[in-house]
Amino acid sequence: MPSPRIRRVPSDFSVKPTLTGDRVLLRPFVDDDLAAFEAILADPEVARLTGSPPGEGLEPARLRAWYGTRNSQPDRLDLAVVDRATGACVGEVVLNEWDRHNDSCNFRTLIGPAGRDRGLGTEAVRLVVGYGFEQLGLHRIGLEVFAFNPRARRAYEKVGFVAEGTLRQVLRDGDGWVDATVMSILADEWAAHRGHPAG
């Protein structure tokens, strides 16, 4: 008879850690991050890659209300991504849509122009995914990535996310439609390679 699975299910996501890598620091939000996020969310490429409707930015009061409450959420983990070389906040990583019964959650991230093309995003993904499996006891972390965002897909693959299938034409992009790829990583996979799969 197989041994029972040992579950380390978190009571909630209320602990907001600081996670340190070689290039990035992930930490809870502070008031000084608001200016950075105003600039990041106003970037047209960020809006397109995250599937936000054109021209739909957050006015300062809504932005302040949103980021001002992220540190108190018991069912999700939102952390600022800080470039250790400059000390600047360049984006965020999020574990959300927590399914307590199935030990799973969704992952999303956004990295602004100041944080691109230097491996910061990949390291940030690796840090928060490792925390999800090793500290929160998750079994599965999933995400969706749009077809026009190969840079993000490559970062997810470097950490060990595996493509599961395609959601066809889920996003209107100008006059056309864009597919999204569903990807996930499982606790056993993380335990085998710890975010550094072969290949």
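I looked up Glu-92 and found it buried, at 2% relative accessible area; buried means under 20%, exposed over 50%, partly exposed in between, with a 1.4 Å probe and protein chains only. A note on what I'm working with: this is a predicted model, where local features need pLDDT of at least 70 and side-chain atom pairs count only at pLDDT 80 or more, while totals for chains, interfaces and linings use all residues. Residues are numbered from 1 along each chain as its sequence is written, and side-chain values use heavy atoms, with hydrogens and water left out.

Next I checked what Glu-92 pairs with: it forms a salt bridge with Arg-108, the closest N and O atoms being 3.1 Å apart. I count a salt bridge when a side-chain nitrogen of Lys or Arg is within 4 Å of a carboxyl oxygen of Asp or Glu. Glu-92 sits in strand E4 and Arg-108 in strand E5, so the pair ties together parts 16 residues apart in sequence. Arg-108 is partly exposed, at 27% relative accessible area.

Then I went along E5, residues 104-111, where 6 of the 8 residues are buried. Strands (E, at least two residues) and helices (H or I, at least four) are DSSP runs, numbered from the N terminus. Two strands pair if DSSP finds at least two bridges between them.

On one pairing, E4 (residues 89-99) and E5 are antiparallel over 7 bridges. I noted Leu-95 with Phe-107 in E5 as its bridge partner. The hairpin of these strands has 4 residues between them, and Asp-103 there takes a positive phi near 50 degrees.

E5 also runs parallel to strand E6 (residues 140-146), joined by 3 bridges. Ser-104 stands opposite Arg-140 in E6. I traced the chain from E5 through helix H4 (residues 120-134) to E6 and got a right-handed β-α-β crossover; that means the path from the first strand over the helix to the second runs clockwise with the strands pointing away from the viewer.

**Other salt bridges**

I searched the whole structure and got 13 salt bridges. I followed Arg-140 to Glu-164, with the closest N and O atoms 2.7 Å apart. Arg-140 lies in E6 and Glu-164 in strand E7 (residues 162-173), so this pair ties together parts 24 residues apart in sequence. Both ends are partly exposed: Arg-140 has 26% relative accessible area, and Glu-164 has 44% relative accessibility.

I also looked at Glu-45 with Arg-116, where the closest N and O atoms are 3.0 Å apart. Glu-45 is in helix H2 (residues 44-49) and Arg-116 in the loop between E5 and H4, 71 residues apart. Glu-45 is partly exposed at 35%, whereas Arg-116 is buried at 14%. Shared partners put Asp-43, Glu-45, Arg-116, Asp-117 and Arg-151 in one salt-bridge network.

**Arg-70, no salt bridge**

Last, I checked Arg-70, in the loop between helix H3 (60-68) and strand E3 (77-83). Arg-70 is buried but has no salt bridge, and Asp-78, the nearest side chain of opposite charge, is 4.4 Å away. For charge, Lys and Arg count as positive, Asp and Glu as negative, and His and the chain ends are not counted.

What does the side chain of Arg-70 reach? I found the backbone oxygen of Trp-66, at 2.8 Å. Leaving aside neighbours within four places in sequence, Arg-70 is in contact (heavy atoms within 4.5 Å) with Lys-16, Phe-29, Arg-76 and Asp-78.

Note on methods:
A polar contact is a pair of N or O atoms within 3.5 Å; within protein, one must be able to donate a hydrogen and the other to accept it, and residues adjacent in sequence count only if both atoms are side-chain atoms.
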